Amino acid sequence: MPIGNTQPSVRLASAGRAGGPAATSPAHRDGIRPRRTGGGLGAERYAPYILVAPAVLIIVALRLYPLILGVNFSFTGDGDRNGEAVGFGNYQELFADPLFRTALGNVGLLVLLLPVAVAIPGLLATFIFLRVPGHRFYRSVYFFPAVLSPVIVGAIFNLLLAFDGPLNAVLGSIGVGPVDWLGDPDVAMFMVVGVHIWATFGMALVVFLAGFATLDAALLDAARVDGASLRQVVWHVIIPSLARTIQFVFVTTMIGMLTSMFGLLFVMTSGGPEGSTYLPEYYIWIQQGQMNRPALASAASTILFAIMLVVGMLQIKLLERSGKVD
């Protein structure tokens, strides 16, 4: 074949590689833009809903639906009136029960002690992050209580806080009389809450350390250059920067204190002395498991859910008003 016949083909190929007219599709040369198919746009539009649907179905099936059933069941009777509608009779009986009123009062005590339960892991996480003296010790042992069963923790502190236990022996050696830590109605609830905080602060501390990993080191360096004290660094730099983390720890700690203390209560005090350490979850177990009154227990569970919802919303609002959360 003559060489001259191959030159136009070479020029065409080069133009195509350079993005020239030869590279354009026939549709572009005719002034027609390619359109995406309607099926592709529909798939993209519904993809987020499809991905979220399994989680939503699980929440509805395992959380919302049982919650609705429990609320509905709380308006029915127990025993001879099983299944009969009783209106607000169960709720009236609850608020007339001194033990349930004591349980609600202890919920108020837990809410008042909640800042302490959040401040302890927050301060320890700050010490670890800022490498203050002793931070290696805190880093080594802080998570140890979290791996222990509540039953084991309760048994250990039953021995330590016994009337003739080691703690009173130490107090006696310095001239302080023995204290009935778990037998005094004015003291027992504080002891149980303190043990719960000790046993669970490791999880909150992990969350705080994860929040510190996102903290801008330049802010700390600028505070040090300006001569800020440790208290000023914590209050003006660390707390505002970890506002979302603090909010999360507040809510999860509150839920844990209201719903995860049954093991400690059962082992340490069994609701005593004189019912002073009753909490709603323990009261619910007594009514359901021992008194065989599931409708009354459902009413108490509904009230506990409402308390957690209200307290959680109030905490978020207070944090927003204080400027710690945007």
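Predicted model: local features only at pLDDT ≥ 70, side-chain atom pairs only at ≥ 80, totals over all residues.
Residues are numbered from 1 along each chain as its sequence is written. Local features need pLDDT of at least 70 and side-chain atom pairs count only at pLDDT 80 or more, whereas totals for chains, interfaces and linings use all residues, and side-chain values use heavy atoms, with hydrogens and water left out.

User: How is α12 oriented relative to α15, parallel or antiparallel?
Analyst: Helices here are DSSP runs (H or I, at least four residues), numbered from the N terminus. The axes, lines fitted to C-alpha atoms over the stretch in contact with angles from 0 to 180 degrees between N-to-C directions, come within 10 Å and cross at roughly 160° for α12 (residues 243-259) and α15 (residues 294-321). Because angles over 145 degrees count this way, α12 is to α15 roughly antiparallel.

User: Which residues of α12 make the contact with α15?
Analyst: Contact means heavy atoms within 4.5 Å. On the α15 side it involves L304, I307, M308, V311, G312, Q315, I316 and L319, and on the α12 side Q247, F250, V251, M254, I255, L258 and T259.

User: Is L265 buried or exposed?
Analyst: L265 lies in helix α13 (residues 262-268), and, leaving aside neighbours within four places in sequence, L265 is in contact with V192, S270, G271, T277, L279 and Y282. Buried means under 20% relative accessible area, computed with a 1.4 Å probe on protein chains only. Because its relative accessibility is 0%, L265 counts as buried.

User: How far apart are the C-alpha atoms of L265 and M189?
Analyst: Along the chain L265 and M189 are 76 residues apart. In the model, their C-alpha atoms are separated by 9.2 Å.

Technical notes
Helix = DSSP H or I, 4+ residues; strand = E, 2+ residues; numbered from the N terminus. Parallel < 35°, antiparallel > 145°, perpendicular 65-115°, else oblique. Buried < 20%, exposed > 50% of the residue type's maximum accessible area, 1.4 Å probe, protein only.
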